[in-house]
Amino acid sequence: MATDTYTDIQDTKVGQKAAGPVGWIDDRLGVAGIARKNMRKIFPEHWSFMLGEIALWSFVVLLISGTFLTLWFQPSMGETIYDGSYEPLKGIEMSYAYASTLDISFDIRGGLLMRQIHHWAAALFVASMIVHMLRVFFTGAYRKPREVNWLIGVGLLVLGMVEGFAGYSLPDDLLSGTGLRFVDGLIRSIPLVGSYVEFFLFGGEFPGDLIIPRLYMAHILLIPALILGLIAAHMLLLVYHKHTQWPGPGRTNENVVGYPMLPVYAAKAGGFFFVVFGFTALFAAIIQINPVWAYGPYNPSEVTAGSQPDWYMGFSEGLVRLMPGWESTFFNHTWSWNVAIPGLGGLGLLFTALALWPFIERWITQDDREHHLLERPRDAPTRTALGVAGMTAYGVGWAAGGNDIIATHFHMDIFMLTWIFRIGFFVFPVVAFLITRRICIGLQHRDHDTVLHGYETGVIERSPSGGYSERHAPLPVADQYTLTARQRLPELEAAETVDSNGVAAPAGRKDKLRARLRHFYYQGVLDKPTVEEVHHAEEHLGDFQGHPNQIGDDFGGVSDAGVPKSH
Amino acid sequence: MSELEKHGSDAQVAEPIADPGLPEHAYRVTDVDEAQARRTERQISLMFGIAAVLALGFAVAYFTIDFDETFLGWSAQNFALGATFGGSLLLIGIGIIQWAKKIMQDHEMVELRHPAKSSDDDRTAVLADLNAGIKESQIGRRPLIRNSLLGAVGMLAIPGVVLLRDLGPLPHGQAHTVWKKGMRVVNDISGLPIRPADLEVGQLVNAEPAVFFPAEGEDEAEIHGHELLAAKSKAAVIVVRMRPDDITPDAEKANWGIDGILCYSKICTHVGCPISLWEQQTHHLLCPCHQSTFDLADNGKVIFGPAHRPLPQLPLGLDSEGYIIAMSDFLDIVAPSYPELARDQKKLDEENNRGGA
Amino acid sequence: MRTLSTRRRHPLANVLVILGALAVAAVLYMAFAPKGATAETSSLDDIEAGRDLFVIGCASCHGQNAEGITTTSDGNYGPSLIGVGAAAVDFQVGTGRMPMAQTSPQAPRKTPEYTDEETRQLAAYIASLAPGPSVPEDEYLEYEGASAEEISLGGEFFRTNCTACHNSVGAGGALPGGRFAPTLEGVSAKHIYEAMQTGPQQMPVFSDDVITPEDKRAVIAYIKAVQDQPNYGGFGGGGIGPVADGVFVWIFGIGGLVGFAIWIAAHGTRSKKKPAGAGAEQ
């Protein structure tokens, strides 16, 4: 409470005791300087700003649970005879990797829980990175000066997927071995050098006895170290740039409004770590994931129906399923388009497009300003529509990756499904693009109308001549401001293709392309109202049947029953 | 506040609606009602209390519940450990957040931003320092040092790359499998040899070459361990029996079967999944990984899906005891395609005196 | 009644009348049909009774003498049953797959139409036409007594021969043309045995000469052992693997945590009052 009296920390007993060590540290490290800048640093608050935190905390959960698992896991492909607690596999020859995974699951108390926490957290890690990335994309938060942080994010997503795949392969069960077999086929399809990469990676012919130790090294050392480094850079840049915020009264491009790091933000973020950890632990308590014992040890002549990768590889898997069987021979070499294009090209194209997008957009819009205010998705209809189109294509690939499960569960013909997805992969994104753009522009028009003509009150009036009309009341000024707090559209001009002397300009073709793209980007987008429009509308609203100011500030529309509500 | 208003007024010119500035702070119930605040305090500490009890419960569950005990058909141990551990974490998290939401001050505060770029002064100073460094090092005046150093450092890439050479052997032997003339085709797992009479029309046998199983009087097979896995990943086969009338073999393959018994590689030519989803009435073989579909009555041709090459067929014969044997190794390369496949196939065809596949 | 009389001339009226009559006949038949004949071995009486049942219930598709009916396009309307043996009949009729309710890519399992006794009679009739696999001996169905070695050996056979279609926990899987490999959940040992032996519909045959009756018993023992296993880790998602996991992560994982994020960032109820002394603070 504001009236409470607090003893300053340095005057409390604890504070006096701590002063010595803290002073000792600061004498040597000078941390007070950094702490002074950051302890009360402001973070704006919105639920969508916490999505990245889910990824951060699930990574911490992965580090903790993964460390536990390494205490027992044996990354060896050497053969052993299983003699653990799981009866149906007793006496079977299997690798140490698989046997030790079974031991963790059945003979180490809490081992199964930790395995399941680790796997759920991994699935959640990649999922939350994607959700976070979508939030950043659709609100334009990647714009200057945050392009580098966007690139770091793309890098983290790539590493997260590779890390997940490496982990999925380690237990050496039938499912993970089938996944490795697929990767082997994928590597072989790399033009010209495929067999070399295969032999070097596997240490000889598939499966060899080296791939699991090598993946293990990558999984517990190399990739986590890279991820950790990139996360550190990601967070440092976040602190340096300060978080973006939604526009609103008092929230401008030049300030950041929110809660200080200490205590509110630290408590909320710290509390969220416990929530994420607790949530994954509860998941692991009640939902089974990757029951390796049910699959049996890897054997290259066995397979199970419903062989799938983890969900984040589903897109790639789906594209491989959709691809027609194209393969050609020239220069005395075999070119496996059927595997290389969807397997290597699909994710390659996705990540390239993601990495380049901020720069492409900047080239089109020629917008060199710093942006700290977020854009509502509807206010950038082309970007939003492109994003939704991309999500649709990704979704088709995803669904195709589970086409056998869809076929059995919905009693459909799997070949017909494949054809639907083959065509849909090209058609659905276009449809999604057109619809999304239309919806965005429609929403912009509605905002425009609400600002200029007020909102519909639900109050019906009868005029003396017998006509009925609905009263509109102006929005509170704060809401009006929020709706109009965005940047004006630039003037669209045709590109100058000739200079003042009538000679074709050297960069003419590039400029022309840009002009066309600019037109495409801004086509149909509604600018916010001008000052004149607002003045005119205010007068009009004032004139109109002598209202609406009489309704009063407290009026908040009418309920379904027709009773006026107040704010 | 005053700074904020100043900033608001800068943008005001072009804005159709002027920035009304931050709204006045509205207080929470816990700010104005101490009784409510006390209730919240008790609520939060109750959560922490339960969390502590659950953590104790974890230890109790760890030492008292056996893995085999079940709860709702799940492992009771896993459930109890997860529920206590997860519950404890979750309650601590919710408690802390509730504390932040209800008790901690929630006045919104304003901080000014600064452009991401450094000041012009800094930029100039850095450039000056950089130039001074370059000048003092004389790197521009003495290109010999510069260029030879660049060359030497560049050459360091060589040990870096060469060191990786022993990651694995050079690609070899992709064209051959362990099959050879006279090797029996035996049932997988049991290792039993097969006679044609053992097979009915519509039968499928998941089979392997006999070398994967111990010969009579031996304890261990010729091939074992990971060598066995590598060999299996190319040599696994399926033997199927169809009505001879249903089969339309290529001229070359007319004698590769025995009364409608044909043998195909089990390894998909797409990315190598083992396939045995054989429909005995349609003769179609479906790969469960990517749905490539092969027609076993028609030379293993691809009829759907991403595979390109037909499934290689193994020529069959009978040995003196009437058991099914291979008449040679595969004449077409098995397993997924690789860049040198075309070249290796040509070589293989020459070895087998086969005119263009 | 007017509506009934006007619809009497509807083209479907005849069909309805016939269907109604058939239904009445069926009910009467079920009520009065002889049940519980005691003979265990297939006597001539059984064959006779089986033939009667066959002519009523099966002949329309499989032909009067079980010789099968070919369609004009040379396809199978109903295949010949000569030589399929008692095991095939016991499986198809005993699991309710036959008679089929309608033409579809494959006959699904459903509640059997015939009693055990009638199934035995039908099987006796078909077995009398030509030799074929008979219903398996009880000793190969008694999986309860199987040893641990037998169960793990059965697992090896199961993973090599069965999981490709039926999935590693027997949850089933997709086949071309809308067909599917059915789940093995709740299928009796006898029917699993018969399916391996006779290769119903698209399933290949796994004859006793290659997968011996002992091997088959081991496979059954493994299937039953695995189905009796608890889902150690919790709710299993139907054993369909990573697709279910992905669905859970997105719907409950991301859904739940985004819910938490919304709660964390939400501003609760606000009071119009100010705390004492708040004015001084401003």
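Helices (H or I, at least four residues) and strands (E, at least two) are DSSP runs, numbered from the N terminus, and by that rule A:T280 lies in helix α10 of chain A. This is a predicted model, in which local features need pLDDT of at least 70 and side-chain atom pairs count only at pLDDT 80 or more, while totals for chains, interfaces and linings use all residues. Residues are numbered from 1 along each chain as its sequence is written, and chains are lettered from A and ligands numbered from 1 in the order in which they are written.

**Surroundings of A:T280**

- A:T280 counts as buried because 30 other C-beta atoms lie within 10 Å, where buried stands for 20 or more such atoms within 10 Å, exposed for 12 or fewer and partly exposed for values in between, with C-beta atoms placed from the backbone.
- Apart from neighbours within four places in sequence, A:T280 is in contact with A:S58, A:V61, A:I117, A:W120, A:A121 and A:L124, a contact being two residues whose C-beta atoms, placed from the backbone, lie within 7 Å.
- Between A:T280 and A:K37 there are 243 residues in sequence and 34 Å in space, C-alpha to C-alpha.

**Chain A against chain B**

- The contact between these chains draws 99 residues from chain A and 83 residues from chain B, and helix α10 (residues 261–286) of chain A gives the largest share of the chain A side, 17 residues.
- That side of chain A divides into 50 nonpolar, 31 polar and 18 charged residues, with Ala, Val, Leu, Ile, Met, Phe, Trp, Tyr, Cys and Pro taken as nonpolar, Asp, Glu, Lys and Arg as charged, and the others, Gly among them, as polar.
- Strand β4 (residues 255–260) of chain A and strand β4 (residues 109–112) of chain B run antiparallel and are joined by four bridges, where pairing requires that DSSP finds at least two bridges between two strands.
- Within this pairing, A:G258 has B:M109 in β4(B) as its bridge partner.

**Domains of chain A**

- Chain A is assigned domain 1 (38–318) and domain 2 (376–459 + 477–485 + 492–498 + 505–541), with bounds that come from an automatic or database domain assignment.
- The centres of domain 1 and domain 2 of chain A, taken over C-alpha atoms, are 32 Å apart, and their contact takes 13 residues from domain 1 and 18 residues from domain 2.
- On the domain 1 side, α5 (111–138) and α12 (314–322) of chain A each supply at least two residues, and the largest share, four residues, comes from α12(A).
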